[in-house]
Amino acid sequence: MKLIDTHIHGGYGINFNTCGKEDFSYFAKNILKRGIIAFCPTLVGDSLSALKSRLDLIKDAMKNQKKDEAKILGVHLEGTFLNPKKSGIQNAGNFLTPNIENFKKLTGDNIDIIKIVTMAPELDEDAKLQEFLEENNIRAHAGHTLSNELYKVSGTTHHFNAMAPLNHRESTITLKALLDNEIYCEIIGDSLHVSDDMLKLFFKIKDKNKIILISDALPIAHSGLDSIIFCGKNIYKGGKDKDGTIAGSSLFIDEMAQNLISKGILSETDAAKMVYDNVINHLGINL
């Protein structure tokens, strides 16, 4: 099975927000051995200067990739444009209002390497940033949001997590994205971020051509470490901080797929579609 992970923060002790260029090469070589042929390094919020430098480094790493490495498709920006009331593990002090001006300040000459931007669409006035992103072949995802509307996003980030729960009296963004067959939904399949029963319901309702399985893997994944610093906090094995807040996963995308297949929640055919074909279609890429 060929796999692509569009939402991953690192692994093997490597943090994409802080690592060196050589670490991207090491990471890419090792995940390719797992069948993961491409990925989008996912950046959490940080200072504007730190993120600008990070994009410069990733662009350089992309230019110097070798054949024995999983391909870096481009960056998924998960920080910066989120709702402070749904910050999760991230530092809300790093967030900016989602608008075109702030996006250009952040990306500068590196707009060409941005593939996905997670944002709180309710904070984007008249959905101008969402429109700008999609016009530039960048996918706008709703995530870390209090919105009950989809506005003009084309996807959701780690569906169910950091958004309104399903509610039998209210039509939430969580429900609307499930029912809208134009919207792609990321889902973390580790049975921790989303329970097995909710995963079964999700896969039964959502169009299987519009589901993207992701890992949301943290630097602690396959690191052998007891804890790591992520978003300025100690994160322990299992992907939680000392208070039990989930920061991400300690599994890679191949393990996510195998978890769902082994439990009979997904067939191998459907899993293969959700880790490859659907990603290709959503991002509009060729590999």
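User: Is Glu134 buried, partly exposed or exposed?
Analyst: This is a predicted model. The relative accessible area of Glu134 is 24%. Buried would need under 20%, and exposed over 50%. Glu134 is therefore partly exposed.

User: Which residue does the side chain of Glu134 meet in a salt bridge?
Analyst: The N to O distance in this pair is 2.9 Å. The side chain of Glu134 meets that of Arg139.

User: Where does Asp112 lie, and how many residues apart in sequence are the parts that its pair with Lys59 ties together?
Analyst: The side chains of Asp112 and Lys59 form a salt bridge at 3.0 Å, N to O. Asp112 lies in the loop between helix H3 (100–107) and strand E7 (114–119), and Lys59 in helix H2 (residues 48–63), so the pair ties together parts whose separation in sequence is 53 residues.
Asp112 is exposed at 52% relative accessible area, whereas Lys59 is buried at 17%. The separation asked for is 53 residues.

User: What is the N to O distance between Lys152 and Glu131?
Analyst: Lys152 sits in the loop between strand E8 (139–142) and strand E9 (155–156), and Glu131 in helix H4 (residues 128–135). Lys152 is partly exposed at 42%, and Glu131 is partly exposed at 31%. Their side chains meet in a salt bridge at 2.2 Å.

User: How many salt bridges are found in the whole structure?
Analyst: Arg34, Asp254 and Glu255 are linked in a network of salt bridges. The search of the whole structure gives 12.

Terms used:
Residues numbered from 1 in each chain as written. Predicted model: local features only at pLDDT ≥ 70, side-chain atom pairs only at ≥ 80, totals over all residues. Heavy atoms only, no water. Salt bridge = Lys/Arg side-chain N within 4 Å of Asp/Glu carboxyl O. Helix = DSSP H or I, 4+ residues; strand = E, 2+ residues; numbered from the N terminus. Buried < 20%, exposed > 50% of the residue type's maximum accessible area, 1.4 Å probe, protein only.
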